[in-house]
Amino acid sequence: MIQINTIKAAQKTIKNKVMRTPLVPAFSLSNEQREVRIKLETTQAIGAFKLRGAVNALQQLNPKQKQQGVVCASTGNHGRALAYAAQKLNIKATICMSSLVPQNKIAAIEKLGADVRIQGQCQDDAQALVAQLVESKQMIEIPPFDHEDIIAGQGTIGLEILEDWPEVDTLLIGLSGGGLLGGIALAVKSINPNIQVIGLSPKRGAAMAASLANGIETEVEELPTLADSLGGGIGNPNRYTFKLVQRYMDDLLLLSETQIKDAMQHLFFKESLVVEGAGAVGVAALIDQNLAQQLKQPLGKNIAIIASGRNVDMDKYLTLMGESKN
Ligand SMILES: *Cc1c(COP(=O)(O)O)cnc(C)c1O
């Protein structure tokens with residue numbers, strides 16, 4: 001299993017190649033009882049935190065592996081991060097995706113010089129193509145979450161938050177494959193086990209939630225959601241993140257599409273922040289009383305939200321922001 005030292009090493013490895021992002025106060029979400037701050041992973045070069053894991057993973061490759069090139073299946077931001085990091089390090093990247101991935105994300109990855117391959121209707125189909133390329137072309141697979149170097153890279157967010165705000169007592173983190181939540185939770189709980197880690201996933205396609213409920217990797221139907229970066233399964237077998245989430249996550253909230261939209265609108269209208277659905281979910285637990293009441297334990301006084309990404313289709317985003325509040 002990954003240790004805190006692996007995450008500390010990743011912090012050194014990615015330094016100067018990845019933004020050390022600001023943790024800014026969110027006055028519209030704070031009140032006399034609580035202070036809320038937002039970790040702006042939206043300010044990363046590719047607009048999402050996934051650059052951390054990708055840069056860390058690529059830096060660990062030996063010269064021969066670098067020559068073989070890297071490949072992944074991605075719903076968007078991981079592919080973008082891997083493409084960007086690979087281009088910087090002069091490594092060839094091939095990105096496999098399903099046809100559910102929005103066009104803006106595909107175009108962005110091609111622009112970064114990566115070879116994009118589209119296969120099938122779901123993450124599993126894209127994953128089958130990765131296996132094929134690993135087998136036939138000896139490419140090195142860098143998966144989106146279930147990989148030690150990726151988890152350690154994402155975990156550096158936890159170290160930065162604690163450096164900037166040692167008093168933090170609650171973290172609200174979007175959850176899909178669990179690289180983000182698993183890495184951060186491992187980092188912060190190794191330093192302060194009392195920090196509460198709450199995951200948030202869309203109801204539509206909550207594979208990790210189903211897997212936790214069943215105690216085993218479980219597939220669910222993949223459905224389009226406003227939090228499209230939280231789509232996709234957890235992999236089977238899952239090697240690392242399922243256990244990490246089982247062990248370190250204190251609570252999990254499942255969000256309706258309306259709740260995700262309200263969270264995105266709140267960040268836009270009240271904080272002037274463009275954040276994609278997956279990055280806005282933490283806000284929902286703070287503005288929706290129904291969600292807050294579902295928590296096993298009340299929220300703490302010093303709450304950090306991870307605004308994990310800002311990659312939206314702008315036409316859809318503008319329409320969404322123009323829709324009236326419910
Ligand atoms: C990938 C991603 C997540 C979720 O990360 P996991 O490691 O799969 O749980 C959250 N937000 C954004 C913007 C992402 O791209």
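A10, T13 and I14 of helix α1 meet R52, V55, N56 and Q59 of helix α2, where contact means heavy atoms within 4.5 Å. The residues of this contact divide into three nonpolar, three polar and one charged; in this scheme Ala, Val, Leu, Ile, Met, Phe, Trp, Tyr, Cys and Pro count as nonpolar, Asp, Glu, Lys and Arg as charged, and the others, Gly among them, as polar. The model is a predicted one, in which local features need pLDDT of at least 70 and side-chain atom pairs count only at pLDDT 80 or more, while totals for chains, interfaces and linings use all residues. Residues are numbered from 1 along each chain as its sequence is written, and side-chain values use heavy atoms, with hydrogens and water left out.

Helix α1 spans residues 4–14 and helix α2 spans residues 51–59; their axes come within 9 Å and cross at roughly 90°. Helix α1 is therefore roughly perpendicular to α2, a class that covers angles of 65 to 115 degrees, whereas angles under 35 degrees count as roughly parallel, those over 145 as roughly antiparallel and the rest as oblique. The axes are lines fitted to C-alpha atoms, for helices over the stretch in contact, and the angles run from 0 to 180 degrees between N-to-C directions. Helices (H or I, at least four residues) and strands (E, at least two) are DSSP runs numbered from the N terminus.

A second pair is formed by helix α8 (residues 179–191) and helix α10 (residues 241–248), which pack at an angle of about 50° with their axes 9 Å apart. These two helices are therefore oblique to each other. On the α8 side the contact is made by G179, L181, G182, A185, L186 and K189, and on the α10 side by T241, L244, V245 and Y248. By class, six of these residues are nonpolar, three polar and one charged.

Two loop residues were also examined. T225 lies in the loop between α9 (207–214) and α10. Apart from neighbours within four places in sequence, T225 is in contact with P202, R204, E257 and I260.

S98 is located in the loop between β4 (93–97) and α5 (103–111). S98 likewise counts as buried, at 3% relative accessibility. When residues up to four places away in sequence are not counted, S98 touches I118, Q119, G120, Q121, C122, Q123 and A126.

Conventions. Buried < 20%, exposed > 50% of the residue type's maximum accessible area, 1.4 Å probe, protein only.
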